[in-house]
Amino acid sequence: MTVDYLSILNKKGSGLNITQIVDSLVEADTIPKKNMLSEDKATKETEISTFAEVVSELSSLKTDLDSLANSNKYVPSSANSALSVSVSDNSTAKSFDSDIRVVSLASHQTLQFSGSSTYTSPSASIGQGTLSINLGTWATDDSGFTNKSPAVTHSVTVDTSNNTLQGLAASIDALSGITASVLQTSAGVYSLVVKSAMGADNALKITTAQSALNDFRADPPSIAGPQKARAADAELTVDGITVKRASNTIGNIVSGYSFDLNSTTTSAFRVSSSLDKETAYLSTKVLVDRLNVTRVYFDDLLDKGVDDGEAGSLAYDPVMGSIAKKIRSITEGAIIGFGANSKYFSELGISTKRDGTLAINETTFKEALENDTTSFDAIFNSSVTSDNTNLVLNSNSFSSPKAGTYAYVFDSSKASSPVDLRSSLGGVTMTGGTDLVTGQTYYSATSGDAMGVNIIPQATVASATVYVGESMIDTMDKYLEQILASSGELERRKTTLNQDLTDIEIDLLDIEDKVDTIRTRYLEQYSAMESAVTSLKGTGEYLENMIKSWNESDN
């Protein structure tokens, strides 16, 4: 019990335990507020801790989904190690089988310039002037050279800043499609080595008008001296048809596949690919199971406690509720850009059970995959496709076109100079050009929703429909990246909760600071009361004694 020193010292007061009364009043004034704030503090601390766990769970989900993106549904094989085959685009790959023979491999043109006098150092001085380098094709007997169309010409100026063997090598090496270096061929002997890109029409002709640079000429008839290896195309037969390419890595023979040529063969061998329904099912089953882990986790966090009275730690958090709803909608909603019709999980036998988790029916999945693989791609493999097979399409790595359907239009009546502006996609004019390596015409969407789509016509196509499909996994990945960013929803929510926690701690400290003030105020009030009671008692005693004295006088 609190010692009431005030009452002990003042025997003539009210007799009440003033200290105890004041303590009780102070507690009544502050304890409920402290308890409420302490409960709020514990709740905020739990929410902050839980959001840290949410970040961990969603980061793990993102990593797992990334590992499943671009999952294969076809398994290619080659009967000869001379050619390796792999899936390059899961969205366009289909079953195929072909008999292939590798006749020859693509090669670079290699030029070696040793000089009329031996170069004894990489820093050996050379003449000054200008070298002209043309790309094109040498005649079989090297008697003539045909420029590429359109012509590709480079000009290299040699002056006091680069008039050494190493300086010239650096200037040439900076050119697109050409490499150059200084090679030590023997003790104290150096040469300039220049290599073209692979392919017969990427060979080099080097000329100069200055005799001081004649040591670096590679034109008829001087080509015979420096040329150590001729530029050549790869040649192979595909089902009896001769095919030539400028590289030993070939990606446009069978759509969706890449061939790597390793050596030549004397006879044809089988290269094929077939639908692997088991692998595709297992990939989808892994995806379903992983999504269920997140669904169950979120359901526990958002449980309102209707059944057992125990609500989840984020049951009423609006941000967490919004995130869970968005993730669910991505998996259950329509996936567009994979043909004229939207795709859904349900088309592959994936359904939502009564408890909110996903289930997959293996038989339904494999039957659906056998009939149409597009729904599988809609989940795993983003794509850019067209209803016209004469259009080769892709999207660049630094721009992400918006999923949807776009009209491609080619108007041959429009002028093609200075750049080709004859094509449009989704009503937006495309920028045209010619690839310097392949010589193929291409059109690129550089603005609008389709920005990033590239089209290479293999024939004149007046109009077509282009489909830009973003897979469910890629859509989910973008959303997770967005909310996990330092400026994303999760970090903003954690910042808000931490600020709330700081405010609560300040309020608790404020209550502690006010306790002494409140106590002092009550003590002053009760001290005044005690003084009044003491005064009244004193007056009462005086009157009582006076009356007693009167009565004694009467007797």
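Student: Which residue forms a salt bridge with R270?

Tutor: In this predicted model, R270 pairs with D99, and the closest N and O atoms are 2.7 Å apart. R270 belongs to strand β15 (residues 269-275) and D99 to strand β3 (residues 96-104), so the contact ties together parts that are 171 residues apart in sequence.

Student: Is R270 buried, exposed or partly exposed?

Tutor: R270 counts as partly exposed, at 40% relative accessibility. D99 is also partly exposed, at 30%.

Student: How many salt bridges are found in the whole structure?

Tutor: The search finds 20. One of them joins the side chains of R295 and E332, at 3.0 Å from N to O. Because R295 lies in helix α4 and E332 in helix α5, this pair ties together parts that are 37 residues apart in sequence. R295 is buried at 7% relative accessibility, whereas E332 is partly exposed at 35%.

Student: Which residues are joined with R295 into one network?

Tutor: Salt bridges with shared partners link R295 to D299, R328 and E332 in one network.

Student: Which residue in β22 stands opposite S424?

Tutor: T429 stands opposite S424. Strand β21 (residues 423-425) and β22 pair over two bridges.

Methods. Residues numbered from 1 in each chain as written. Predicted model: local features only at pLDDT ≥ 70, side-chain atom pairs only at ≥ 80, totals over all residues. Heavy atoms only, no water. Pairing = 2+ DSSP bridges. Helix = DSSP H or I, 4+ residues; strand = E, 2+ residues; numbered from the N terminus. Salt bridge = Lys/Arg side-chain N within 4 Å of Asp/Glu carboxyl O. Buried < 20%, exposed > 50% of the residue type's maximum accessible area, 1.4 Å probe, protein only.
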